[in-house]
Protein chains: 2
Amino acid sequence: MAKHCDEATIDRVCEELKAAFGDRFSRNLSVRQAHSHNVTALYQQTPNGVVYATNKDDVVKIVKICAKHKMPIIPFGAGSSIEGQLNAPKGGISIDFSKMDQVVSFSPEDMTITVQPGITRETLNSWLRDSGLFFPIDPGADASIGGMASTRASGTNAVRYGTMREAVLSAEAVMADGRIIRTASRAKKSAAGYDLTRLLVGSEGTLGIFTEITLRLHPVPEVVSCGACTFPTVTDACNAVIESIQCAIPFARVELLDEFMTKACNAYSGLKLDPLPTLCVEFHGDKTSVAAQVSLFGEIAASHGSKDFKHSTDPDKRAELWKARHEAFWAAQASLPDCDVFSTDACVPISRLADCVGETQKDLQEHHLIGPMVGHVGDGNFHVLLGYHKGNKEEEKKVYEFSERLSERAISMDGTCTGEHGIGQRKAKYLRLELGDAVDYMRAIKKALDPDNILNPGKYGFEDY
Amino acid sequence: MAKHCDEATIDRVCEELKAAFGDRFSRNLSVRQAHSHNVTALYQQTPNGVVYATNKDDVVKIVKICAKHKMPIIPFGAGSSIEGQLNAPKGGISIDFSKMDQVVSFSPEDMTITVQPGITRETLNSWLRDSGLFFPIDPGADASIGGMASTRASGTNAVRYGTMREAVLSAEAVMADGRIIRTASRAKKSAAGYDLTRLLVGSEGTLGIFTEITLRLHPVPEVVSCGACTFPTVTDACNAVIESIQCAIPFARVELLDEFMTKACNAYSGLKLDPLPTLCVEFHGDKTSVAAQVSLFGEIAASHGSKDFKHSTDPDKRAELWKARHEAFWAAQASLPDCDVFSTDACVPISRLADCVGETQKDLQEHHLIGPMVGHVGDGNFHVLLGYHKGNKEEEKKVYEFSERLSERAISMDGTCTGEHGIGQRKAKYLRLELGDAVDYMRAIKKALDPDNILNPGKYGFEDY
């Protein structure tokens, strides 16, 4: 793919950035590579340089220098995105936000906090530890808040607390022309104009670059109970979830591990679950409400063939269970020795979840693919983690084709080709399959707000204008 | 203000519409007037004609005819918007959606329903009556779902169930070029592309015209308890709400009536409240959870000086209380004999609510204005209903100026000039004061998606391109 800028322009931009940022700008290859790694089969495309921003004025300065030369800009948080969002197919400058990791202001009465985009979710929750409040969104990785907002991240807690769509109340962003805007006030709701907050959240750095993000927080629940139970089949587990949600059980988490994944987690993280499809669940609330949730869920699980629902409010047991769930990616990797892991991501209306999971398992068998499955099943979202060897073209083709069939399957069930990983470089075709002509209007918005296509180009398939 | 189209063009458009729609198109003055009434001090600006659409193909046809002639289009639901959203300052064609009021599909397992935009919220809830599910958003008026989506409506239940921003899962819309798009799949969450759903919700008909809306529903709570209690001052009532929310009481409703409004509701709706500032509250959940909520709220209310918290799960008492709350506008009108009522709308972070309400009450006194106050205080949103005489220029100026001061006050407290009524024709100046340069990017989006400015022009102050 052609680079945006010729070598002379790249040199000129780099000289200007060097002059402005000194040691905080680097053209070192290993630094550039560290800012464009990928977890899927995508290959690395490194930026031409990396700047470590320390404040919003830095970001404005970088954007103005790059805009002048039509040089691409790729915002970089913690590097945990997995659809090539950090790749630089047209070269460009990566802005590293790790030094912009401060809390800007905290309003416990309003349960909101304004942070710089480089703070990670774990650091944020450590900061909040004594406040009685917490930030619930948990995509597994210790991602940066800026990255999570950019990809509309969600994860295990989304079934109760929503995704970054709901968590971001307002944002400040530098736009492609170098102007800085705030998308909304800090009022809990507003009918003032177009919802620029929700437009920027999930736009994968293609419309603006976050410099501050205001988040909604939640009170730490009085009681947290979690547990696990196994089911004869994945379908039974899915049906237990559907029935529970219809009974208004406000799951804080409800995660499915298929048989393969249960075994992998037993082996990797020392869980002692029966080697069967498993639901890991968590309930938040006051004592009476949690007791009621646990009891009702237990009845529903039993009616779907589960015989072993164990639950506990012991924080150590809770930590053990969710550590195992967070390690699922590594457990999958360990269970697929010498393999790379390719993560898929599909989300369907929950009524179709058992169908979609069932057909996907059949697909795995038919194509002799090995892949454990984990799912945020309360949201109808699941991932198959496929073992393959990166660099082996035939195996790469096979996992890509599987992922494509899964996207098509989810879309045919009125679902989406991505519940939480985003479109990035690989799924533009499925964005079109899913939303048809709507993509033309997305492109029109991109063109209106970033006419030179300098903000994270090559994502969404929007490179061609 | 200049009309978009000259008389010859208007005649040509009307002829084409007459040929296409026969009796379903009208140029009758009283029909046109019925499609542009207003509740604020704004004066009526009637469209040139009205078409009654019966299906999405009709809407496409109307848009194509109007687009060809650059004729403005104003979508019309139930006519309950109050910021002039239905006015036709540049003339144009009003599309009446009252005949597009059907349920398109219902998925109880997913707790979603897809409806045509003309269905009203009460009709929808009647339709759902035996399903165990309900649609919670309640702006007071029996508004249409299309209109509610267009204005990002909220109301009394938003404190628990969110606003139309959260309630709309996906939408189908006809865009300015006559193409029809769907904004999202029916998956509960998605990271697929820009959030066109949230962009269209709240855009007041300026970016696209809804033809179908998919809504999230909620399980009917097992127990509903509601009640009321009075406080020595409005500040005490606000502080009780703030503390309750921090204690994670999941209010289903928490409404403030000031002293004047309490008296007005007593007189109009036969409530027997002490003539003091009042909170009307509602709690949803299972029996134990509701009992716990009621008990905790009672303690908090008492600690802020309330002595008379009465609550009940009796459906008749509940109906009586909320009927009174819904009649507040009429109660206000009755308490301001021979007056018109001008409704303001401000929303601030809840930590500033008592300040904002207090300063606003002082403002009323200082300017010798009479206006009872109601508020969705769990969201920091409140309305002052001012008595004045429409047509009396001096009084109109006075209520406008009060409303402007209130907008400025809310904005200065990091709030918004509109929590739920929208920008419409009157608040463009405050949109700019609130969001600064962000408005330029809204305008750029409008221009990209509707280059001829035919969709509900004259709203947001976007008329000048």
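The model is predicted.

**Two copies**

Chain A superposes on chain B by a rotation of 180° with 0.0 Å of shift along the axis. The RMSD is 0.0 Å. The two copies are thus related as by a two-fold rotation axis. Both copies use the same surface: 100% of the contact residues of chain A recur in chain B.

**An annotated span**

An unreviewed UniProt entry annotates residues 43-220 of chain A as "domain: FAD-binding PCMH-type". In the model, this span is 22% helix and 25% strand. Its end C-alpha atoms lie 41 Å apart.

**The core**

The largest nonpolar core has 186 residues. Those with the most contacts inside it come from both chains: F135, M164 and L279 of chain A, and F135, M164 and L279 of chain B. What does L279(A) touch, leaving aside residues up to four places away in sequence? Its partners include G227(A), A228(A), C229(A) and F231(A). Among them are also V254(A), E255(A), L256(A), F297(A) and V377(A).

**Salt bridges**

Side chains of opposite charge can pair when their charged atoms come close. Over all chains, the structure holds 70 salt bridges.

| Pair | Closest N to O distance |
|---|---|
| D452(A) and K70(A) | 3.6 Å |

E172(A) sits in strand β8 (residues 168-175) and K56(A) in helix α3 (residues 56-68), so the pair ties together parts 116 residues apart in sequence. E172(A) counts as buried, at 12% relative accessibility. K56(A) is partly exposed, at 26%.

Next comes the salt bridge of D452(A) and K70(A). D452(A) lies in the segment after α17 (438-449), and K70(A) in the loop between α3 and β3 (73-76), so this pair joins parts 382 residues apart in sequence. Both partners are partly exposed: D452(A) has a relative accessible area of 34%, and K70(A) has 43%.

Is D363(A) buried or exposed? D363(A) is buried, with a relative accessible area of 4%. R405(A) counts as partly exposed, at 23%.

Salt bridges also form a network. It links R121(A), E122(A), D138(A), R253(A), E282(A) and R318(A).

Terms used
Residues are numbered from 1 along each chain as its sequence is written. Chains are lettered from A and ligands numbered from 1 in the order in which they are written. This is a predicted model: local features need pLDDT of at least 70, side-chain atom pairs count only at pLDDT 80 or more; totals for chains, interfaces and linings use all residues. Side-chain values use heavy atoms; hydrogens and water are left out. UniProt positions are given in the numbering used here, feature names are shortened, and annotations may be inferred rather than shown by experiment. Helices (H or I, at least four residues) and strands (E, at least two) are DSSP runs, numbered from the N terminus. Copies are superposed by least squares on the C-alpha atoms of residues with pLDDT of at least 70 in both. Contact means heavy atoms within 4.5 Å. A nonpolar core is a set of buried Ala, Val, Leu, Ile, Met, Phe, Trp, Tyr and Cys residues joined through side-chain atoms within 4.5 Å. Buried means under 20% relative accessible area, exposed over 50%, partly exposed in between (1.4 Å probe, protein chains only). A salt bridge is a side-chain nitrogen of Lys or Arg within 4 Å of a carboxyl oxygen of Asp or Glu.
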